[in-house]
Amino acid sequence: MHEGYPLADTRLAHRIEAATVRDLRAYAVSARTTGLFPQTATLSVGGGVAVWFSEGNVVNGSFGLGMNGEVEHEEIAALIAFFEERGAPARVDVCPHADASLIRWLAESGFVAAGFEMVLYQPLPARTLPGTAAGIGVRIAASAAEKDVWAELEARGFKNEDVDDADMVLARAIAARDDALHFIGEAEGGPAGTGMLVMTEGVALLNGDSTLPRFRGRGVQTAVLAARIRHAGEAGCDLAVIEAAPGGVSMRNQERAGFRVAYTRVTLERPAAS
């Protein structure tokens, strides 16, 4: 364990997964009430939540299952039915600290591994923060117009400028959340990247990271990351959490900013019935 860091144990995992479930529920409410994804549906299942936003939406899935004890076979059947009714594959992001019954029932129901995601953390306030490169600035989107800028940046950066209408709707839904802070990174005097911060019961969830291709490698993502860590610590959060693909550039930036791996989630998926 690094000095000052809480143990990456089951207690920490419970806290992170619970915060993730609260965040997903809040996003579902926002997506539905803003009308951007009016058919958004949720299912409380296995101590966690399953959410469906729209057909083919990358955010469709389930989190937090098995964190409060044994999961029943009937609950997995209900999860499968929830997604099948919407023509989508049932998907569960599984924490390794979940009850073993979850894996057993998912395996018996035909779920297979489809991907991995690193969950990283650090205590707040941060002892040190990475410096900001020359010419790089960060601001919080404070108006509807600035949130529109944020949405466009997030979509363009995430999709490497290959953006379609569905990408923009998803980005606008994220930007429409009034329980989140939307950070804009600037380079050469203009918008260059994004990040989002959600604070819930002392946990700061950092997501929405995106940088326009031509500004990558300039320190934009690092500056936006540091600004969110600083803001969350000043707001009273004691734990920051972020996710990344294993071994990628984002994960390296996060580790340089003081994050350490808490655990790896595995995405298990059951193909939709044909």
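A: Let us begin with secondary structure: helices (H or I, at least four residues) and strands (E, at least two) are DSSP runs, numbered from the N terminus. In these terms T267 lies in strand β11, which covers residues 260–270, and the protein has seven helices and 11 strands. This is a predicted model, in which local features need pLDDT of at least 70 and side-chain atom pairs count only at pLDDT 80 or more, whereas totals for chains, interfaces and linings use all residues. Residues are numbered from 1 along each chain as its sequence is written, and side-chain values use heavy atoms, with hydrogens and water left out.

Q: Is T267 buried or exposed, and which residues does T267 touch?
A: A residue is called buried under 20% relative accessible area, exposed over 50%, and partly exposed in between (1.4 Å probe, protein chains only). T267 counts as buried because its relative accessibility is 12%. Contact means heavy atoms within 4.5 Å; leaving out residues up to four places away in sequence, T267 touches R91, V92, D93, V112, A113, A114 and G115.

Q: What is the strand order of the open sheet of eight strands?
A: Strands of a sheet pair through backbone hydrogen bonds, either parallel or antiparallel; here two strands are taken to pair if DSSP finds at least two bridges between them. The order is β4-β11-β5-β10-β9-β8-β7-β6, with mixed pairing. Because β4 (90–94) and β6 (136–140) each have a single partner strand, they stand at the edges, and one side of each is left without a neighbour in the sheet. The twist averages 25° from one strand to the next, where axes are lines fitted to C-alpha atoms, for helices over the stretch in contact, and angles run from 0 to 180 degrees between N-to-C directions. Strand β5 (residues 112–123) runs antiparallel to β11 and is joined to it by nine bridges, and the bridge partner of M118 in β11 is T264. Helix α1 packs on this sheet, touching β5, β8, β9, β10 and β11, and its direction makes about 55° with that of β11. Helix α3 (residues 100–108) lies across β4 and β11, running at about 150° to β4.

Q: Which residues touch the most other members of the largest nonpolar core?
A: In soluble globular proteins, nonpolar side chains tend to be buried together. A nonpolar core is here a set of buried Ala, Val, Leu, Ile, Met, Phe, Trp, Tyr and Cys residues joined through side-chain atoms within 4.5 Å. Of the 88 residues in the largest one, I76, F111, L206 and F259 touch the most other members, and the largest share, nine residues, comes from helix α1 (residues 10–33). Apart from its neighbours within four places in sequence, I76 is in contact with L65, V71, L102, W105, L106, S109 and F111.

Q: What share of the 274 residues counts as buried?
A: The share is 49%. Among contacts between residues at least 6 apart in sequence, 72% join residues at least 24 apart.
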